[in-house]
Amino acid sequence: MKKVPPFKLVPQPLSDDAASFPKFKWAPPEVGTRHQLGGEPSFLQKAIKPKCAECGKEMTFYGQLDSINDDICLADCGMIYVFVCFDCFTVNSFIQSH
Ligand SMILES: [Zn+2]
């Protein structure tokens with residue numbers, strides 16, 4: 001199974017609206033900064049290693065996307081996890097939150 005080395009992703013605003021987007025009021029400081037490409041997922045619930053729905057092979061962790069602020073919050077400060085099958089390019093994504 002292919003592995004992607006870890007990269008921290010840091011969002012950069014692409015518009016004035018994005019630049020003035022309010023931050024979380026109450027969430028712990030790391031919430032909103034956990035965007036990542038590759039490496040190992042930081043699961044908020046139990047670890048999941050999805051199998052490809054098309055070919056059945058173990059999928060590669062491609063990245064995770066964090067909640068953004070109190071308005072754009074994935075459940076309870078959750079994250080989206082994305083897995084890819086590099087054999088048939090099927091994607092599996094899901095949300096976990098506290
Ligand atoms: Zn596959």
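Q64 sits in strand β3 of this predicted model. Strands here are DSSP runs of E, at least two residues long, and helices are runs of H or I, at least four residues long, both numbered from the N terminus. Q64 is buried because it has 23 C-beta neighbours inside 10 Å. The cut-offs are 20 or more other C-beta atoms within 10 Å for buried, 12 or fewer for exposed, and partly exposed in between, with C-beta atoms placed from the backbone.

Two ground rules apply. Residues are numbered from 1 along each chain, as its sequence is written. Because the model is predicted, local features need pLDDT of at least 70, side-chain atom pairs count only at pLDDT 80 or more, and totals for chains, interfaces and linings use all residues.

**Q64 and its surroundings**

- Q64 is in contact with R34, H35, Q36, P41, S42, M79, I80 and Y81, leaving aside neighbours within four places in sequence. Contact means that two C-beta atoms, placed from the backbone, lie within 7 Å.
- Q64 is the bridge partner in β3 of Q36.
- Q64 also stands opposite Y81 in β4.
- The C-alpha atoms of Q64 and L37 are separated by 6.6 Å, although the two residues are 27 apart along the chain.

**Overall layout**

- The protein chain has one helix and five strands.
- From the N terminus on, the order of elements is β-α-β-β-β-β.
- The C-alpha trace spans about 45 × 30 × 20 Å along its principal axes.
- The protein chain has 98 residues, of which 16% count as buried.
- Take the contacts between residues at least 6 apart in sequence: 59% of them join residues at least 24 apart.

**The sheet**

- Five strands form an open sheet in the order β1-β2-β3-β4-β5, with antiparallel pairing. Two strands count as paired if DSSP finds at least two bridges between them.
- β1 (7-8) and β5 are the edge strands; each has a single partner strand, so one side of each is left without a neighbour in the sheet.
- Strand β2 (residues 36-37) pairs with β3 in the antiparallel sense over two bridges.
- β3 and β4 run antiparallel and are joined by six bridges.
- β4 and β5 also pair in the antiparallel sense, over six bridges.
- Y81 has F94 as its bridge partner in β5. V84 has V91 as its bridge partner in β5.
- Strands of a sheet pair through backbone hydrogen bonds, either parallel or antiparallel.

- The largest nonpolar core has seven residues: C52, M59, F61, M79, Y81, F83 and C85. The largest share of this core, three residues, comes from β4.
- A nonpolar core is a set of buried Ala, Val, Leu, Ile, Met, Phe, Trp, Tyr and Cys residues joined through C-beta atoms within 7 Å.
- M79 is in contact with R34, L44, Q64, L65, D66, S67, L74, I95 and Q96, leaving aside neighbours within four places in sequence.

**The β3–β4 loop**

- L74 lies in the loop between β3 and β4.
- L74 counts as partly exposed because it has 16 C-beta neighbours inside 10 Å.
- Not counting residues up to four places away in sequence, L74 touches S67, M79, I80, I95 and S97.
- L74 and I95 are 7.4 Å apart, C-alpha to C-alpha, and 21 residues apart in sequence.
- A75 is found in the loop between β3 (60-66) and β4 (79-84).
- A75 is exposed because it has 12 C-beta neighbours inside 10 Å.
- Phi of A75 is positive, near 55°, and A75 is a residue other than glycine.

**The β4–β5 hairpin**

- β4 and β5 form a hairpin with six residues between them.
- F89 is placed in the loop between β4 and β5 (91-96).
- F89 has a positive phi of about 60° although it is not a glycine.
- Most residues other than glycine have a negative phi.
- F89 is exposed, with 9 other C-beta atoms within 10 Å.
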